[in-house]
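Subject: Model handover and findings

Hi,

Here is the model we talked about.

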Amino acid sequence: SDPQLLRNRAPVKLVPPHAALLKELESRLPRMSTRYFAATMDNAFLVVAFLIAGGVLGEWLGRIQNETLAIILGIGLYTLSLFYFLIPEWRFGATPGKYWMGLQVVKVDGTPCTFKSALIRTLWRLIEANPFTLLPAGLMIFFTPHGRRIGDYQAGTIVVKSRKRRG
């Protein structure tokens, strides 16, 4: 190989392997309102589940009267609620709210969401989309080109309109 030939070649523009697929997925990006309603449905479901669990546990804890145990159970319930996002996104590509709104989570290469990706998204949810700090996730979805939150970037995922039709 002649070194002179190598120097005269035009530079090769490296494109991330998922860039072309991301363009295809752009046509399936949901409206902000659709994402909002899906999140509202998911959160409403969790609130109802917490109220029911809180009522049952509150009755039980009322008899025990142990504040430390109540705090531990509250943290345990919150931790369990994360499985509401982890399991459905991994197994079905959508939480119930996303499914009802016709959305799904996929990898940026168009393949289904993996357990690892769903886990990363869920763990980032603790920071950016918990009940106390919804703002970071909402701002990211609103201001990033593909409506991706930090958890999506870290997991290599994107939320798109589902190709499967409900019902």
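Throughout, buried means under 20% relative accessible area, exposed means over 50%, and partly exposed is in between (1.4 Å probe, protein chains only). This is a predicted model, so to speak of local features a pLDDT of at least 70 is needed, side-chain atom pairs count only at pLDDT 80 or more, and totals for chains, interfaces and linings use all residues. Numbering runs from 1 along each chain as its sequence is written, and side-chain values use heavy atoms, with hydrogens and water left out.

**Salt bridges**

The criterion is a side-chain nitrogen of Lys or Arg within 4 Å of a carboxyl oxygen of Asp or Glu. By this rule there are five salt bridges. Helices and strands below are DSSP runs, numbered from the N terminus (helices: H or I, at least four residues; strands: E, at least two).

- Glu89 and Arg121 form a salt bridge at 2.9 Å, N to O. Glu89 is in helix 4 and Arg121 is in helix 6 (residues 115-128), 32 residues apart, so by these DSSP runs the pair links distant parts of the chain. Both residues are buried.
- Lys98 and Glu89 also meet in a salt bridge, at 2.8 Å, N to O. Lys98 is buried, and so is Glu89.
- Glu128 pairs with Arg149, and their closest N and O atoms are 2.2 Å apart. Glu128 sits in helix 6, while Arg149 sits in the loop between helix 7 (135-143) and helix 8 (150-155), 21 residues away. Both Glu128 and Arg149 are buried.

Shared partners join Glu89, Lys98, Arg121, Arg125 and Asp152 into one network of salt bridges.

**Aromatic pairs**

Rings of Phe, Tyr and Trp (its six-membered ring) pair if their centres lie within 6.5 Å; planes under 30 degrees apart are stacked, over 60 edge-to-face, the rest tilted. The structure holds four such pairs.

- Tyr36 and Phe37 are edge-to-face, with 5.6 Å centre to centre and 70 degrees between the planes. Tyr36 is exposed, at 53% relative accessible area. Phe37 is partly exposed, at 44%.
- Trp90 and Phe115 are edge-to-face too, with 5.0 Å centre to centre and 75 degrees between the planes. Trp90 lies in helix 4 and Phe115 in helix 6, so the pair ties together parts 25 residues apart in sequence. Trp90 is partly exposed at 31%, and Phe115 is partly exposed at 38%.
- Phe45, Tyr84 and Phe85 are linked by ring pairs into a cluster.

**Charges over rings**

The rule here is NZ of Lys or CZ of Arg within 6 Å of the ring centre and within 35 degrees of the ring normal. The charged end of Arg91 sits over the ring of Trp90, 5.0 Å from its centre. Arg148 lies over the face of Tyr153, 4.2 Å from the ring centre.

**Second largest pocket**

A pocket is an open set of points on a 1 Å grid over the protein atoms alone, where a 1.4 Å probe fits, with protein on both sides within 12 Å along at least five of seven lines; lining residues have an atom within 4 Å of a point. Volume is the space filled by probe spheres set on the points.

The second largest pocket holds about 330 Å³. Its lining has 24 residues, and Phe92, Gly93, Gln104, Ser162 and Lys164 lie nearest the centre. Helix 2 (19-26), helix 4 (67-91) and strand 1 (103-107) each give two or more residues to the lining. Strand 1 gives the most, with four.

Best wishes
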